[in-house]
Amino acid sequence: MSAGFVTERLAGAVGVARAAVLLREGKLVAFGTETVYGLGADATRPDAVAAIFAAKGRPHFNPLICHYADAEAAFADVVADATARLLAARFWPGPLTLVLPRRVTCRVALLAGAGLETLAVRVPAAGQDLLRAFGGAVAAPSANRSGQVSPTSAEHVLAGLSGRIAAVLDGGPCPVGVESTVLDLSAGRGFLLRQGGVPEEAIVDAIGPVGRGITPGQAETTRNLRSPGLLVSHYAPGLPVRLGATEAADDEAALAFGALPSGGAARFQLSSGEDLAEAASRLFEGLRWLDRAGLRGIAAGPVPDRGLGRAINDRLQRAAAPREGPR
Ligand code: TXA
Ligand code: MG
């Protein structure tokens, strides 16, 4: 699948400087954040943003998250109310994305926001060195081919995008391992569009009750997607996934959380001590690894639906959902 050039593998301070130069040239650079690797481009350049969709093979122009070095830079592009400022003070830098109205002066390409009047912004805890060196907004979806599992290491990025992007800046494995929580504040009241690295409980603790995004089931029936990237089968490994399994068959691969499921011909342990943060950080690695085992399917053990377990269950439900084509 080579597009005719070699993807540079960058690391360290020299790598950061080189990556910033490439971004300024309108090239695509994958970089590590605390959640997953992002496929970054200069958000103000429509050509660079369009290249993201092409490299990912995204069928639609889903809106992208813009990444900034700090809240001040982010809030120069969107209108932040008191709630947004409170959340930024508490959770940034960190795995929280806020959807807010664009400012009229916002220079981010309309394509990055898929033409919406809102823009998703975030200040990640990792990847800061690149964002500072570049000095502007970096539009970045997860650095995987459309429909595939998000990458949590530079190797995962290269497995899907080698030869299709200019470079990957190796920041090591992603410590959180699931994507950021996406909270829409543009309608006045908080609306949770995606469970992610900041647990819903922590958001509610900060700002009180929030509305919920539509469930995968509702999305399936209505297709009325408030957040177009939240396609039901968005996070699908190749093998079919069976949820809440207490036992895995002899021809199944087991994705274990503690003791469950038992059995299975191949086994990936998310967290033997049932630690949800450890499990989240290993989830996508586990799905990739079990996929390669080439068995009949993946039997996933039950994960408690609290804290980071909510994001884990959301991704597993999407992995288990009937596949939408083309992905
Ligand atoms: O952790 C993350 O969020 C990673 C890292 C790279 O930052 N990024 C990521 O991007 O997961 P992506 O493109 O895979 O998911 C972005 C999500 C999609 O579900 C998209 O629909 C939603 O954010 N989104 C972006 N802009 C939006 C907007 N203006 N309104 C509603 N949803 C939006
Ligand atoms: Mg993604």
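Select helices α9 and α10: α9 passes α10 in a left-handed crossing, meaning that the near helix is turned anticlockwise from the far one by less than a right angle. Helices here are DSSP runs (H or I, at least four residues), strands likewise (E, at least two), numbered from the N terminus. This is a predicted model, in which local features need pLDDT of at least 70. Residues are numbered from 1 along each chain as its sequence is written.

Show residues 276-292 for α9 and 308-320 for α10; they pack at an angle of about 20 degrees, with axes 8 Å apart. Axes are lines fitted to C-alpha atoms over the stretch in contact, and angles run from 0 to 180 degrees between N-to-C directions. That makes α9 roughly parallel to α10 (angles under 35 degrees).

Next, colour α10 by accessibility. Eleven of its 13 residues are buried, so α10 is largely enclosed by the rest of the structure; buried means under 20% relative accessible area, exposed over 50%, partly exposed in between (1.4 Å probe, protein chains only).

Move to Trp-92 and Pro-93, joined by a cis peptide bond with omega about -10 degrees. Pro-93 lies in the loop between α4 (82-91) and β5 (96-101). Another cis bond runs from Leu-260 to Pro-261, with omega near -10 degrees.

Finish at Glu-274, in the loop between β16 (266-269) and α9. Glu-274 has a positive phi, near 55 degrees, and at 47% relative accessibility counts as partly exposed.

Notes: Chains lettered and ligands numbered in written order. Predicted model: local features only at pLDDT ≥ 70, side-chain atom pairs only at ≥ 80, totals over all residues. Heavy atoms only, no water. Parallel < 35°, antiparallel > 145°, perpendicular 65-115°, else oblique.
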